[in-house]
Amino acid sequence: MIRSAIRILGSLVFSALLGMVPVTQATAYTTQVTTPRVTATLVSEYDTIVPGQPLWVALHFEIIPEWHTYWSNAGDSGNPPVIDWQLPEGFRASDIHWPYPERLPVGPLMNYGYSKQSTLLVRIIPPPSLTTGQSVTLHASASWLVCKVECIPEEGFFMPSLPVSSADDQVATEWADTLRAARQRLPAPLPWDAVVDVASDTLQLQVELPGIDEPQLEDVYFYPAKYGIVEHAAEQRQQIDNGTLSLQLTRGDLRSQTLDQLDGVLVMREATADGPVTRAFTVAIPAAVRPASESSIPFTLILLFALLGGILLNIM
């Protein structure tokens, strides 16, 4: 309840401060906004737009030491960045594609986000009716929260302009490697069988990991997709037995609600001959309610069985 109150209060404070803090003004065709804590740049993988061909763009943050921004589920406090697009007619923008985050403990709280830098990916889908040689301006306004212990709400307005060309004339920009590296951090679909058992206070996530033993796994962590499903700051106990990973999660503030499916990202760091390798997988597993144990039999029913037993003994 305390973490829930902190989160609600933080959201209210963020909304209030956003209207009070001076916004860095962007001029026409600006692609970069700099504040005392971050440099935010709206970047493109290629230098032109090809009619009908999706284009990767990203809001890239360079963050000063000891500060951070947030993932889609910020954890116990904070808010994720938001991008609002105003695109020309016929253009579409995807939701943000979020690279897997890192853990950001702050006192007794656990937050999820990014330090040093982050690259939030978006696919822009242009219409096929564009004419080669014309120029297209992509308007985007973004807001984000950057925190150390204290948090500062910030905004930026971005208006990059890209010419329209054929695919043969499209050239990768200086940001192409950054966007490709960010795509490598996007979670892949979970390739193994998995189940989740739901109890009143815990969730037991079990994943079949053939060929992987416990010494290989240097770190395993489950990032829930939404607030309240898992207690973010609680220890996630793990073990591997006969090729099955078991991860015990403590249920969060929404434990009283029915959980139909466990959604999130499972991040594993493995030891290999070439050094540690980190992989991330999307988790979307239907929940199985754990059968009631004998200790959960109602007390009145236990008394009834005792009474029947006594009657049978007297008859015998």
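## Strand pairing, a buried tryptophan and a disulfide

Within strand β2, Ala40 is the bridge partner of Val33. The two strands concerned, β1 and β2, run antiparallel and are joined by three bridges, with β2 covering residues 38-44. This pairing belongs to a wider arrangement in the predicted model: an open sheet of five strands, ordered β1-β2-β3-β9-β6 and paired in antiparallel fashion. The edge positions are taken by β1 (32-34) and β6 (92-93); each has a single partner strand, so one side of each lacks a neighbour in the sheet. In general terms, the strands of a sheet pair through backbone hydrogen bonds, in either a parallel or an antiparallel manner.

The average pLDDT of the protein is 86, and 82% of the residues score at least 70. Over residues 8-29, the pLDDT is below 50, although this stretch has 26 contacts in the model beyond near neighbours in sequence.

Is Trp144 buried or exposed? Its relative accessible area is 0%; because the cut-off for a buried residue is under 20%, Trp144 counts as buried. The side chain of Trp144 forms a polar contact of 2.8 Å with the side chain of Glu154. Along the chain, Trp144 lies 65 residues from Asn79, yet the C-alpha atoms of the two residues are separated by 7.4 Å.

The model holds one disulfide by the distance rule applied. Which cysteine is joined to Cys147? The partner is Cys151, with an S to S distance of 2.0 Å. Such a link is a covalent bond between the sulfur atoms of two cysteines. The torsion about the S-S bond of Cys147 and Cys151 is about 115°, so this disulfide is right-handed. The two cysteines fall into separate accessibility classes: Cys147 is buried at 1%, whereas Cys151 is partly exposed at 28%.

The relative accessible areas of the residues discussed are collected here.

| Residue | Relative accessible area | Class |
|---|---|---|
| Trp144 | 0% | buried |
| Cys147 | 1% | buried |
| Cys151 | 28% | partly exposed |

Conventions: Residues are numbered from 1 along each chain as its sequence is written. This is a predicted model: local features need pLDDT of at least 70, side-chain atom pairs count only at pLDDT 80 or more; totals for chains, interfaces and linings use all residues. Side-chain values use heavy atoms; hydrogens and water are left out. Two strands pair if DSSP finds at least two bridges between them. Helices (H or I, at least four residues) and strands (E, at least two) are DSSP runs, numbered from the N terminus. pLDDT is the predictor's confidence in each residue, from 0 to 100. Contact means heavy atoms within 4.5 Å. Buried means under 20% relative accessible area, exposed over 50%, partly exposed in between (1.4 Å probe, protein chains only). A polar contact is a pair of N or O atoms within 3.5 Å; within protein, one must be able to donate a hydrogen and the other to accept it, and residues adjacent in sequence count only if both atoms are side-chain atoms. A disulfide is a pair of cysteine sulfur atoms within 2.5 Å.
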